[in-house]
Amino acid sequence: MTSTVSTGSTAPRGVLVDLGPVAQLRAGRLARRLPQLYVGLFLYGVSLALMVRGSLGLAPWDVLHSGFIRHVPMTLGQAVVLFSFVVLVLWIPLKEMPGLGTISNAVVVGLSADATLAVVDQQEMMWARIALMAGGVALCGLASALYIGAQLGRGPRDGLMTGLARRTGLSLRLVRTGLEVAVVVIGLLLGGVLGLGTVVYALAIGPLTQLMLPWFTVDVLAPAAER
């Protein structure tokens, strides 16, 4: 029996659809999705920088980045970009497919972080440091919801997590925990910054992103079904 390809149909409202790189661009509503993607990625970099200036501990991957730059002549944002592309190399054996959002994530977050660090000063007052840390975590939840909801591809680190989970059969929670423990340990060995902010981030980022993701998930065309 010959097969025909039907036209795509709109996915159920508020649903994240697993799209390939080309399908992501053909899924419609780019006039909203592209700005939302880049606003989200820019704000993600800002959130990272706010936590750095708060000096109360960083997100797990940023513990690694902050430790790494103690040993090489590189800014934090440049380290974010470098490690993003290192992680993308790890996608190859996992057969993960990057999208526009994946490559954009690898570049925009680091540039945004460095730009924010250039204009936001280190704070001495504890109340200000706590405000920067809490604001950074909250903003990161918002930024994650924005760029994920744009449905233009996973970030490098998210793709590594989902790829490992798919290949190993382990749960996403277990894989994510294992990855984040590993990068924190390596970061600490390199002299990275671990503290209260790391714990707050670990506890809050999942619930915050889950809360806000439905607000920003853009309805797109589902992939055409083969029959």
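Which residues does Leu-37 touch, not counting residues up to four places away in sequence?

1. Leu-37 touches Gly-101, Ser-104, Tyr-147, Ala-150 and Leu-152, where contact means heavy atoms within 4.5 Å. Bear in mind that this is a predicted model, with local features needing pLDDT of at least 70 and side-chain atom pairs counting only at pLDDT 80 or more, while totals for chains, interfaces and linings use all residues. Residues are numbered from 1 along each chain as its sequence is written, and side-chain values use heavy atoms, leaving out hydrogens and water.

2. Leu-37 turns up again in the largest nonpolar core, which has 23 residues; Leu-37, Leu-48, Val-52 and Tyr-201 have the most contacts inside it. Such a core is a set of buried (under 20% relative accessible area, 1.4 Å probe, protein chains only) Ala, Val, Leu, Ile, Met, Phe, Trp, Tyr and Cys residues joined through side-chain atoms within 4.5 Å. H2 (30-54) gives the largest share, 6 residues. A second, separate core of 14 residues includes Leu-64, Leu-88, Trp-91 and Val-175.

3. On to helix H6, residues 126-149. Helices here are DSSP runs (H or I, at least four residues), numbered from the N terminus. Just after H6, Gln-151 takes a positive phi of about 55 degrees.

4. H6 also packs against H9 (residues 196-216) at about 35 degrees, with axes 7 Å apart; axes are lines fitted to C-alpha atoms over the stretch in contact, and angles run from 0 to 180 degrees between N-to-C directions. Among the contact residues are Met-133 and Val-137 of H6 and Val-200 and Tyr-201 of H9.

Conventions. Helices (H or I, at least four residues) and strands (E, at least two) are DSSP runs, numbered from the N terminus. The expected span of a helix is 1.5 Å times one less than its number of residues. Buried means under 20% relative accessible area, exposed over 50%, partly exposed in between (1.4 Å probe, protein chains only).
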